[in-house]
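Let's take a friendly walk through this model, one region at a time. Keep the 3D view open as you read.

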Amino acid sequence: MEHREVIVIGAGAAGMMAAITAARGGAKVTLIEKMEKAGRKIRITGKGRCNITNTKSWQEFSTHLHPNSRFLKHAFYSFDNTETVKFFEEIGLKTVIERGDRVFPLSGIASDVVDSLVNEINKLNIKVLYNTNVKDIDLTEGNIRSITAVSNGKRISLMADAFIIASGGLSYPLTGSTGDGYKFAEKCGHKITECFPSLTALMPVGYSSELIGLQLKNCEITLIAGKDIVQKEMGDLDFTNNGIEGSIGYKISRKAVKTLISGGKCSVSIDLKPAIDIETLTKRIEKEITELRGPFTSLLLQKLLPSQAIRPFMEMNNLSSDINKLLRSLDISGLAEILKNWQMDIDSFTSYERAVITAGGVSLDEIISKNMKSRLVQNLWFAGEIIDLDGDTGGYNLQIAFSTGFLAGKSATAGK
Ligand SMILES: Cc1cc2nc3c(=O)[nH]c(=O)nc-3n(C[C@H](O)[C@H](O)[C@H](O)COP(=O)(O)OP(=O)(O)OC[C@H]3O[C@@H](n4cnc5c(N)ncnc54)[C@H](O)[C@@H]3O)c2cc1C
């Protein structure tokens, strides 16, 4: 029997899944990776624990996808989050579901995910070319005829019946994701929707270094672009040396970065007491003031804020350290208002070197969502982060990689 030859560019989550699926379907597969190892990015996911997927139903899952969840629907139903868990359990990786329906390897070790994929790749006799950097593609009469790569210092040319580009985006370039695939896609005539870093830190104007290390649990953040409220999120916020991060910081970063790169202004408002309204908070502050044992604002704030937040909160809101002076310039409900509306203008963000994901990428208009095939080139497929599709934190991005990788691998093997 003639085996279809499939070349997969990139041994990340999407490329490895595509290669495994194609080999299981009977294709002769070559997987090309420019780094010395597969899955460098997977190894650092989920703070080293790898949040493989999220078990939410499609209805809920799809609300965490951008910019167009409908594009993933077919791929998701071909290989959904349940299939992902089953797949990993079958290749020997035990998993566990944690808070927020997030799935992790039971061992809590991200590299176990890579090892299980690489073992399966070896079992299926997939040829893997490490240290092999794809440099160019040769396009003849609407088909990719061959690709050129530099392999361990030598120039090589490789031919196949089908090519899957799974070379990732631009984020964390040290893992090998340096956006090479966009050039190949453009050469094939594909439009690249403007890329920008997402799930990344936002730096407020006048950010106090004393905030570094602070974690706020269950606060609410509102993103304001220009004068409009564009997003509200409730959850945990981390303050790091790069600014605001954490689950809700990341969630708002997509719209914030997009606003900033298009020249707009954006700010955030943090509600430090989202569970109570202004009136209740005002009454609570009044009561705390009657019990104060000194004339210092910090003594009052100790009752209301984590201690690490007190000085920066006072500094950034220009609050007098003398409570009597403070209450002459601001009534108690005014103080309650600031606690529920701590405003910070955002003037910059962390770029690709430490952004979790690249938003933008190969335009969805020119990829067939039913099989991940290019509408422009007969023997070309796409999978993973290179596509203009991204998700929130919580396992959504790896599921995008696995679903699109599976579908691309299956379809490239079938040739349709
Ligand atoms: C710090 C961090 C934590 C994350 N945590 C999570 C998480 O817990 N859960 C989750 O769902 N998502 C997480 N993500 C996102 C997730 O890791 C990515 O969305 C996913 O790995 C993308 O997979 P990919 O295969 O499309 O691309 P990549 O993983 O980027 O793989 C692309 C591969 O292609 C190779 N390559 C590139 N160009 C060439 C070339 N010219 N020739 C040969 N090879 C090439 C690269 O070396 C790389 O190995 C995290 C991301 C980061 C950065």
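The report below covers the sheets, the helix packing, the ligand shell and a few backbone details.

Please bear in mind that this is a predicted model.

The link between β8 and β9 can be followed residue by residue. Strand β9 covers residues 143-151, and eight bridges tie β9 to β8 in an antiparallel arrangement. Two of the facing pairs are handy landmarks: Asn-133 sits opposite Val-150 of β9, and Leu-139 sits opposite Ile-144 of β9. The two strands make a hairpin with two residues between them. In that turn, Glu-141 has a positive phi of about 45°.

The other sheet to look at is also open, with three strands in the order β3-β6-β5 and antiparallel pairing. Here β3 (53-54) and β5 (95-98) are the edge strands; each has a single partner strand, so one side of each is left without a neighbour in the sheet. Two bridges connect β3 to β6 (residues 102-105), and these strands run antiparallel. For a landmark, find Thr-53, which faces Val-103 of β6.

As background for both sheets, strands pair through backbone hydrogen bonds, either parallel or antiparallel.

**How the helices pack**

A pair of packed helices is described by the angle between the axes and the distance between them.

| Helix pair | Angle between axes | Axis distance |
|---|---|---|
| α1 and α5 | about 30° | 10 Å |
| α8 and α12 | about 120° | 9 Å |
| α3 and α13 | roughly 75° | within 8 Å |

Take α1 and α5 (residues 110-123), whose axes make an angle of about 30°. With that angle, α1 is roughly parallel to α5. The crossing of α1 past α5 is left-handed. Where they touch, Met-16, Ala-19 and Ile-20 of α1 meet Leu-117, Glu-120 and Ile-121 of α5. This contact has five nonpolar residues, no polar ones and one charged one.

Next come α8 (residues 278-290) and α12 (residues 332-340), packed at about 120°. These two helices are therefore oblique to each other, and their crossing is right-handed. From α8, the contact uses Ile-278, Leu-281, Thr-282, Ile-285 and Glu-286. From α12, the partners are Ile-332, Ser-333, Leu-335, Ala-336, Glu-337, Leu-339 and Lys-340. By class, these residues are seven nonpolar, two polar and three charged.

The axes of α3 and α13 cross at roughly 75°, which makes α3 roughly perpendicular to α13. On the α3 side, Leu-72, Ala-75, Phe-76 and Ser-78 make the contact. The classes are six nonpolar, three polar and no charged residues.

**Around the ligand**

Which residues come nearest to the ligand? Of the 38 residues around the ligand, they are Gly-10, Gly-12, Gly-168, Gly-176 and Gly-384.

Some elements already met return here. Two or more residues of the shell come from each of α1 (13-24), β8 and α13 (396-414). The largest share, four residues, is given by α13. By class, the shell holds 17 nonpolar, 15 polar and six charged residues.

**Backbone details worth a look**

Where does Pro-67 lie? Pro-67 is in the loop between β4 (65-66) and α3 (70-78). The peptide bond that joins His-66 and Pro-67 is cis, with omega about -5°.

Another spot is Asp-101, in the loop between β5 and β6. Phi of Asp-101 is near 65°, a positive value in a residue other than glycine.

Notes: Residues numbered from 1 in each chain as written. Predicted model: local features only at pLDDT ≥ 70, side-chain atom pairs only at ≥ 80, totals over all residues. Pairing = 2+ DSSP bridges. Near = placed C-beta within 6 Å. Nonpolar A, V, L, I, M, F, W, Y, C, P; charged D, E, K, R; others polar. Axes fitted to C-alpha atoms, helices over the stretch in contact; angles between N-to-C directions. Parallel < 35°, antiparallel > 145°, perpendicular 65-115°, else oblique. Left-handed = near helix turned anticlockwise from the far one by under 90°. Contact = placed C-beta atoms within 7 Å.
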